[in-house]
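Let's take a friendly look around this structure together. We will begin with a pair of helices and then visit the pockets.

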Amino acid sequence: MNQIYIQDVFEFLESLPNAFVDLAIIDPPYNLKVANWDRFKSENDFLDFSFAWIDSMLPKIKPTGSLYIFNTPYNCALFLNHLRGKATFQNWITWYKKDGMSAHKKRFNNTQECILFCSMNPKKYYFNCDSVRLPYDSVSRITHAAKKGILKNGKRWYPNPNGKLCPDVWEIVSERHKQKVNGRTQKLNHPTPKPKEMIERMIKASSKEGDLILDLFSGTGITSIVARALNRQFIGCELNKDYLDSSLEIKEVK
Ligand SMILES: C[S@@+](CC[C@H](N)C(=O)[O-])C[C@H]1O[C@@H](n2cnc3c(N)ncnc32)[C@H](O)[C@@H]1O
């Protein structure tokens, strides 16, 4: 527990007991060739790999647990089809990154990634909507509504003092964009680090203190770092130990 194993995802998953983790937050390869680990001979090879780790992972999640999987919208559509009958679809989260992947002139420019949110049980799973409320958009309307309420379907509605419910479109600036210097992209230690605030939102909404978070394909280990900061337990695996943040305990498996 609370270690990242330097190990291939399949060997690592085999070593875990079934029904072990409360929440899986998985940021796997996307087949976009951003690094050697993201190169596959063909789309079919990529899908075989992806479906294989999904199938090895699902039994490790508790029957009341949940999972989040990152990818491109196209790959997420294929993953979701593969997940039918194995997990319950809850949300298609659109991550609006404010940072286009590349400039397309023959189609609309890509500015989003997708996150699939599923639960293992259709109804019995933890979700704390209050822990991830966001500020209301219209300050003046909400200030007015807080005093007098707004008439909705014959009832008076008062805004929640902690903000609005979190929607399924997440406007969070990418790390790549955040770390630009004078508009120039910098070479990062890891090519695809995920923003801390995005992981925080998933962990707060879908787990309680003390719960165990699975961090396959750890990369920098940001999911585990956030889990630790929020008093959750974590366990994960990564092939390249040089990517991992030095604050994490690393276990090399020979
Ligand atoms: C998309 S990145 C994860 C980035 C991470 N979420 C972060 O924010 O730093 C995917 C990671 O999976 C690792 N990886 C790729 N294939 C793997 C495998 N078969 N087993 C374990 N790790 C693997 C890569 O080294 C890479 O760091």
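## Where two helices cross

In this predicted model, α6 passes α7 in a right-handed crossing. The two helices pack at an angle of about 55°, and their axes lie 9 Å apart. Since angles under 35 degrees count as roughly parallel and 65 to 115 as roughly perpendicular, α6 is therefore oblique to α7.

Which residues meet here? From α6 come Lys196, Ile199, Glu200 and Ile203, and they meet Ile222, Thr223, Val226 and Ala227 of α7. By class, this contact of α6 with α7 has five nonpolar residues, one polar and two charged.

## The largest pocket

The largest pocket has a volume of about 830 Å³. Its lining counts 42 residues, and those closest to the centre are Val34, Trp37, His190, Thr192 and Lys194. Two or more lining residues come from each of α1 (9–14), α5 (175–178), α7 (222–229) and β10 (233–238).

What is the lining of the largest pocket like by class? It has 23 nonpolar residues, along with 11 charged and eight polar ones.

## The second largest pocket

The second largest pocket has a volume of about 180 Å³. It is lined by 15 residues, with Asn91, Phe127, Cys166, Pro167 and Trp170 nearest its centre.

The largest share, three residues, comes from α6. Sorted by class, the lining of the second largest pocket has 12 nonpolar residues, two charged and one polar.

Notes. Residues are numbered from 1 along each chain as its sequence is written. This is a predicted model: local features need pLDDT of at least 70, side-chain atom pairs count only at pLDDT 80 or more; totals for chains, interfaces and linings use all residues. Side-chain values use heavy atoms; hydrogens and water are left out. On a 1 Å grid over the protein atoms alone, a cavity is a set of points where a 1.4 Å probe fits but cannot get out, and a pocket is an open set with protein on both sides within 12 Å along at least five of seven lines; lining residues have an atom within 4 Å of a point. Grid points are joined across faces, edges and corners, and a volume is the space filled by probe spheres set on the points. Helices (H or I, at least four residues) and strands (E, at least two) are DSSP runs, numbered from the N terminus. Ala, Val, Leu, Ile, Met, Phe, Trp, Tyr, Cys and Pro count as nonpolar, Asp, Glu, Lys and Arg as charged, and the others, Gly among them, as polar. Axes are lines fitted to C-alpha atoms, for helices over the stretch in contact, and angles run from 0 to 180 degrees between N-to-C directions. Angles under 35 degrees count as roughly parallel, over 145 as roughly antiparallel, 65 to 115 as roughly perpendicular and the rest as oblique. A crossing is left-handed if the near helix is turned anticlockwise from the far one by less than a right angle, and right-handed if clockwise. Contact means heavy atoms within 4.5 Å.
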